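Reader: I would like to go through this structure and ask what stands behind the words used for it. Please set each value against its criterion.

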Amino acid sequence: MITQVKNPILEIHDLTVSYDQSPVLWNVDLSLPSGKLIGILGPNGAGKSTLIKAIMGLVDPSGGYVKLFDKTLAEVRSRISYVPQRESVDWNFPASVLDVVMMGTYGKLGLFKRPGKKEKELSMESLEKVGMHGFANRQISELSGGQQQRVFIARSLAQNADLYLMDEPFAGVDMATETAIFELLKEMTAAGKTVIVVHHDIYSAVNYFDWFIMLNLHLVASGPKETAMTEELLSKTYGGKLNLLTKVSDLIRQKDFNPLKN
Amino acid sequence: MEDFVYFFTFQDSSIAFVVIGIILLGVGSAYVGTYSFLDKKALLGDAISHAVLPGICVGFILAGEKNPLFIVSGAFISGALATFLSSWLNKSTRLSEDAIIASILSIFFGFGIVLLTIIQKSGNPEMAGLNQFIFGNAIAILESDVYIYGGLAIFIILCLTVFQKEFSLLVFNPDYGRAIGFPMGMIRVTFNVLLILSVVIGIQAIGVVLMAALLITPGAAARFWTDRLGVLVILAGTFSAISGVLGTYISFVIPQMPTGPWVVVFLSIIALISFLFAPKKGVLSRYLSRRIYLRKTHRDHLLKLLYKGIEANKPGLPIAEIHEAFPFQKTQTKQSIGNLSKDKFITQSQLVIELSSTGRSEAKRIVRLHRLWELYLNEYMNIAPDHVHDTAEKLEHLLSPEMEELLESRLNFPKLDPHQENIPRD
Amino acid sequence: MSFDQNAFLIIITAAMIAISCGLLGVFMMLRKMSMTGDAISHAVLPGIVIGFFISGSQRGLEVIIGAGILGILATLMIDWLRRKARVQLDASIGITFTLLFAIGIILINLLAYKVDLDQECVLYGEIAYLPIDLWLTKSGLNLGPRILYLSLLNLILVITFIILFFKELKVTSFDENFSKVIGIPAGLINLFLMSMVSYTTVSSFEAVGAILVVALLVVPPATAFLWTRKLKLLIQLTIAIGIGISIVGYYLAYFFDSSIAGMIVSVAGIGFLASALFKSKSFLSRFGTSRTSVSFEKTV
């Protein structure tokens, strides 16, 4: 059951994305309401991360487009925040917690300007919101998994955006951190922000989110719990890949080029 | 011209030895290097080739002359030390692998340069031979050298061939090897020994800096032609041998040219040819595949167009109308019409094109695949009817008869597609 | 004795080169591109030779431009091999730099009648020749300071580059995807960095040779990284190491009568290996104070 909304904050139209020669997302059509906590769910390899990356412009789609605030990504970059997966960086990097959070302010600063007092205050506020205020000068290599995740979120808060996209922010994180982050996300949506989260665990998802996007190489459902999380839709999402789709993907991968790309 | 004949008919026995030497050296390095390449540790060979320099110098200092035994031993110990330090640094520090390799490479080389300049200043006349190690000069390979270094090369080649199973386990799946009881640690050490040995003998011909090419390039080039390990290694060796001989030839004809760079140039040319023209993996091959596919796609679209004409009660379509359906593709359309006529899928009378009977079933098949796929996208993936067309348009050319059967049975032999159009069957 | 003045000149020049290389090298190391730095410093050779050839015997702007172009060319070649031809990364680097270096050597030989470049000089330079040249040649007095001024200019430009783009370099080195998303031109920053590396290589090769530039790019930052995780300290330590090895290296080279550049690198190497030993986990647990780090669940 795919629910479409009027005046969506994010609109995805007929999006097809290939990754490494094979299609990972087929013809995704959805629109999302603002001010909600939205979860993207699906099994491994379902295309969840790819969807976020396509929205953020990090991978090029083979077809279709994405509209944010009814505009293109380039026009509204300053209103969007991205939290990548924790493993995507090397935490041995010589930086303090505050250093990383301040990176969230770089976008608005532009080239050649150095971050100043205003940026530092904003970063400290963000750290406060994730409960890491006292860790400002700690080296990131000394942090636990949960603390690293909080730092990443603080960085995105420092961007002061309206739409937040987070890739598996709850993965490998202790219970206390998970609860804390969830509380924070709820506060943010209450304040009118929209937060889209790729989540790995179906059980906790049921209680966390207002809106559910179910992916399995294609869009199975998009909508509130009642319409998107029925038993039938759950088995369509988690019940294994569509046989034909897998076969076609194999056929495509065997070719030396991607026939779906223009 | 006479140089060419003189060289290649081996009238001069010293030339024959040089050629044999360089072939053996090159093949040995290509063999070992290919495994390194598959192991994704290709640049380790680069580090080792720089790292043997201090060992060579120490060997020279101790022997007082260019004594192969001392030099090889020195180089070997130096290389082994570098390899050991690399893995130790990997385990004991948080430095990244590339930083470790680059550090070992430059530190050992720097130290080697120190020793080299000390030797140079000492005024030992034998020293001229040492410079050969940095830049390589195959022409200077003596008969005695060939026996020693050639012998070592043959040893390396034999080792790798006889123990192909063990070394491929090392490169592809060491954990599995360990699990089934192979002594992976020993195998790794043996491999490193072979790698260091091949570096030591290879730098004679090609020099320290360019040795990496002798290890990496043949394997990288051969990889584009085959997926089978046995063939891969032999092909790499062949490329290396060819480049070695050609490079030596240039050095022979223009005496002041060092051999090394020319061997690398020929190897790189072979590599570039492989990257561009190898069937299936080559850049050009992929490009051509795509062009051929796009042309087939266009022909299919033309057939479909004619079929849709029949559905709309127009048994044939005028050429002008066909061209109109494919704006900006005039040459392509002309080509497709030509090809389809040749294959007897269409007939042309005056300016109207009609489907032949074979053409009609082929067109039916494509239309059927298109509409089946549209139905599949719509029913199984909840994709809106107005979004299924583009994807189906691209995929209809790919779907095999087996896939067609699957689609039919999965969708239960449907009559209509999402646009309420008929799904044609014979 | 005038030797002291020469010693001072040489040490100052070497230190400046070490600092320029070290500063750029810190970011190369953080981006895990140390071997690419190695490749670029080899790859610029044909550019240097062609630049020499075009400008006659005057070493000037052409050489720097030639090297810059080759540096960018090398980066583009590696990228093309990896992305279009689909060759794995380490092989792309290896093939590119060996080919370009080989072409450079061939050019040196072909153009020897006009280009005053010695093969060995290219590899390890001879910073010591400059004062000695001063004694022998008439135009001598310009030679020494010339390299000095070149290195000084290089240092100023490198420092300016790093200061101007400090936050961009930091964020693109730490989290490239995030940097792209917030609108930072990551690809351009990378190209700038590679260009600075090429420029620094060519500016320094007469003194220390192309290959030893690699050592100065890689070893001081790696050594510093063993001692600290704070970026500011890392940079300061790299600079200090650069100065230290220049001083010690020079005097040891004088004592052993060897290549100065080679000795500087060897000293750097000893410092590096000693640091690694001192800071290694087994050493620390046996001889150091136990200081458990504050991490519970470590990342993957």
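Reader: How do you know how far chain B can be trusted, and what is its mean pLDDT?

Author: This is a predicted model. The mean pLDDT of chain B is 86, on a confidence scale from 0 to 100. Of its residues, 95% reach 70 or more.

Reader: Where in chain B is confidence lowest, and where is it highest?

Author: Lowest is helix α1 (residues 2-8) of chain B, with a mean of 68. Highest is helix α11 (residues 211-222) of chain B, at 94. Where pLDDT is low, predicted coordinates should not be read in detail.

Reader: What makes residues of chain C and chain B count as in contact, and how many do so?

Author: The C-beta atoms of two residues, placed from the backbone, must lie within 7 Å. By that criterion 51 residues of chain C are in contact with 45 residues of chain B. Elements giving two or more residues to this side of chain C include α2 (34-43), α11 (186-227) and α13 (260-279) of chain C. The largest share, 13 residues, comes from α5(C).

Reader: Which classes do the residues on that side of chain C fall into?

Author: They divide into 30 nonpolar, 14 polar and 7 charged.

Reader: What does chain C place against chain A?

Author: Here 24 residues of chain C are in contact with 28 residues of chain A. On chain C, α9 (166-174), α10 (176-181) and α12 (231-256) each supply at least two residues of that side. The most comes from α10(C), with 4 residues. By class, this side of chain C has 13 nonpolar, 5 polar and 6 charged residues.

Reader: Why are β5 and β9 of chain A said to stand at the edges?

Author: The open sheet has 6 strands in the order β5-β6-β7-β3-β8-β9 (chain A), with mixed pairing. In chain A, β5 (80-83) and β9 (219-223) each have a single partner strand, so one side of each is left without a neighbour in the sheet. From one strand to the next, the twist averages 15 degrees.

How values were computed
Residues numbered from 1 in each chain as written. Chains lettered and ligands numbered in written order. Predicted model: local features only at pLDDT ≥ 70, side-chain atom pairs only at ≥ 80, totals over all residues. Nonpolar A, V, L, I, M, F, W, Y, C, P; charged D, E, K, R; others polar. Pairing = 2+ DSSP bridges. Axes fitted to C-alpha atoms, helices over the stretch in contact; angles between N-to-C directions. pLDDT = per-residue confidence, 0-100.
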